[in-house]
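User: I am new to reading protein models. Could you walk me through this one, a feature at a time?

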Amino acid sequence: MNYEMMLFVIMNIARVEGALMLLPALVALIYGENTVAGKILIIAVLCICLGSVFSRKRPKRSDIFVKDGLMIVGLAWVMFSLLGALPFYFTGAIPRFVDAFFETVSGFTTTGSTILTDIESLPYGIHFWRAFTHWVGGMGVLVFVMAVIPLAGSKSLNIMKAEVPGPTMDKIVPKTRQTAKILYLIYVALTVAEVVLLVLGGMPLFDALIHTFSTAGTGGFSNKADSVSFYDSAYIDGVITVFMALFGVNFNLFYLLLLGKFARVFKSEELRTYIGIIAVATLLITINIYPMYGSFLTSFRYSSFQVTTIITTTGMMTTDFNLWPSFSKGILLMLMFVGACAGSTGGGLKVSRVLLLGKYIKSEIRKIVHPRSIVSVKVDGKVMDDTVIRSVTAYIMIYMSILVVSYLMISLNELDLETTLTSVITCINNVGPGFGEIIGPTQNFSTLSDFSKLVLTLDMLIGRLEIYPILFIFSPRMFKRRF
């Protein structure tokens, strides 16, 4: 393995993270939080200096192969989270480092689960950093770095493949760095558009930035204890619902729209399935909760928001869905597993995997009924290779194994079944809130033991990085073998 190149990339990431911390320091200064600004600034300078010292010279051998990319992504995210926890810890916003680390990983992985019990008491600078972790982590920490500085030339695609969510990752232009730039330009454009629309709806600029960062990264952090329900505005609910849905779409499709290739966009089976799931789930829940609200429009407003926030794994709240009927809660639970589209900022299994698995099951049933028939699995008109199907099947099996093991570990906390199970489901799928009186949409994870928090923190990283990069870190053979 190319250890010199791994160190070079990771130290560049530390340098970029230090530069990013200058923004919350500036926000703290603007709001007169001089002590907070000073502490964040010191941490930022240390990160920049540390990264600069170890990334001054590019290694002579700059090749990054697939397994190097997986290892770099896994280690980089752990380091990024450890450094990102320092502003929370040293400013006293979160006095325990385990809690600070949980909150930071929840931010960067765009999960949105929190241990904070008094969110509104946080300093402005910390509020900004907390939500900004969603925005940075949404598109990917290393994708962001590649958009800013050149890392490994053509081989950096192996980093993008290891970090960008979904079963496949293709370059939309020949150069990987150019692909990263295009993705971030689209990301920034959508972010600016949402901020403007929220401000036009009467939301203060600072609040609009916080909620846009959370929407863009499909994370869910808010600077209000009541999340989006604080504003009690159908307009704001509608804007955030639309943008959550947009950020849950494969970003390659936005690029195709810019090129005017509308036919290819609407040909996407994953997109059609994604929209169909949202529409059907919204309709079913609207009908189910209608007796609670006595108004179809109100029921539709709340159901459309919660369906979109769960399937995109954003995790914001406009109402306490923990009080909804079991049928509606069951639909939301299933949406936690499905997740958003591949190549989006959302989490979960991804619609593409669910779609492919469904088609594979259908083909197997047809083979049983018609043993002599030749049945192929097609997506977007293309025949899927057996290796792709095996890869998706293996991923889901590993995913379910990790979920079961995590559940057994969290069960040692002696919590009720609903809390224990949904805490794992919501973290490994990067959703945010769970069900029950302890970790429901109006509650938090503060009462869990440190052991449970660390297990769930690992689950968040595993879910965001699609399992393999984190598993490789814990594989001793990775450090011994030559590739």
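User: What should I know before I start?

Analyst: This is a predicted model: local features need pLDDT of at least 70, side-chain atom pairs count only at pLDDT 80 or more, and totals for chains, interfaces and linings use all residues. Residues are numbered from 1 along each chain as its sequence is written, and side-chain values use heavy atoms, with hydrogens and water left out.

User: How many helices and strands are in the protein?

Analyst: Helices (H or I, at least four residues) and strands (E, at least two) are DSSP runs, numbered from the N terminus. Here the protein has 23 helices and two strands.

User: And how do I read burial? What share of the residues is buried?

Analyst: Buried means under 20% relative accessible area, exposed means over 50%, and partly exposed is in between (1.4 Å probe, protein chains only). Of the 483 residues in this protein, 57% are buried.

User: What about the surface of the protein?

Analyst: Accessible areas come from the Shrake-Rupley method with a 1.4 Å probe; for residues, only the protein chains shown count as cover. The total for the protein is about 20,100 Å², and carbon and sulfur atoms hold 66% of that.

User: Which residues does UniProt list as "binding site"?

Analyst: UniProt positions are given in the numbering used here, feature names are shortened, and annotations may be inferred rather than shown by experiment. The unreviewed UniProt entry places this feature at Thr110, Thr111, Gly219, Thr313, Thr314, Asn430 and Val431. They are spread over 322 residues of sequence, yet they cluster in space, with a largest C-alpha distance of 8.1 Å. Of these residues, Asn430 is included in the lining of the largest cavity. A cavity is a set of points, on a 1 Å grid over the protein atoms alone, where a 1.4 Å probe fits but cannot get out; lining residues have an atom within 4 Å of a point.

User: Let me zoom in on one of them. Where is Thr111, and which residues does Thr111 touch?

Analyst: Thr111 sits in the loop between α6 (97–108) and α7 (124–139). Thr111 counts as buried because its relative accessibility is 0%. Contact means heavy atoms within 4.5 Å. Not counting residues up to four places away in sequence, the residues that Thr111 touches include Gly219, Thr313, Thr314, Asn430 and Val431. The side chain of Thr111 also makes a polar contact of 2.8 Å with the side chain of Thr109. A polar contact is a pair of N or O atoms within 3.5 Å; within protein, one must be able to donate a hydrogen and the other to accept it, and residues adjacent in sequence count only if both atoms are side-chain atoms.

User: Is Thr314 buried or exposed?

Analyst: Thr314 counts as buried because its relative accessibility is 0%. Its place is the loop between α16 (296–311) and α17 (326–338). Leaving aside neighbours within four places in sequence, the contacts of Thr314 include Thr111, Gly219 and Val431.

User: What is the phi of Thr110?

Analyst: Phi of Thr110 is near 60°, a positive value in a residue other than glycine. Thr110 is in the loop between α6 and α7. Glu466 has a positive phi of about 60° too, although it is not a glycine, and Glu466 lies in the loop between α21 (450–464) and α22 (468–473).

User: How many aromatic pairs does the structure hold?

Analyst: Rings of Phe, Tyr and Trp (its six-membered ring) pair if their centres lie within 6.5 Å; planes under 30 degrees apart count as stacked, over 60 as edge-to-face and the rest as tilted. The structure holds 28 aromatic pairs. For Phe80 and Phe108, the ring centres are 4.7 Å apart and the planes are at 65°, so this pair is edge-to-face. Phe80 lies in helix α4 (residues 66–84) and Phe108 in helix α6, so the pair ties together parts that are 28 residues apart in sequence. Both Phe80 and Phe108 are buried.

User: And how do I read a stacked pair?

Analyst: The ring centres of Phe132 and Trp135 are 5.9 Å apart with planes at 5°, so this pair is stacked. Phe132 and Trp135 are separated by about one helical turn because they are three residues apart in helix α7. Ring pairs also link residues into a cluster, among them Phe128, Phe132, Trp135 and Tyr184.

Key. 1 Å grid on protein atoms, 1.4 Å probe; cavity = no way out; pocket = protein on both sides within 12 Å on 5 of 7 lines; lining within 4 Å.
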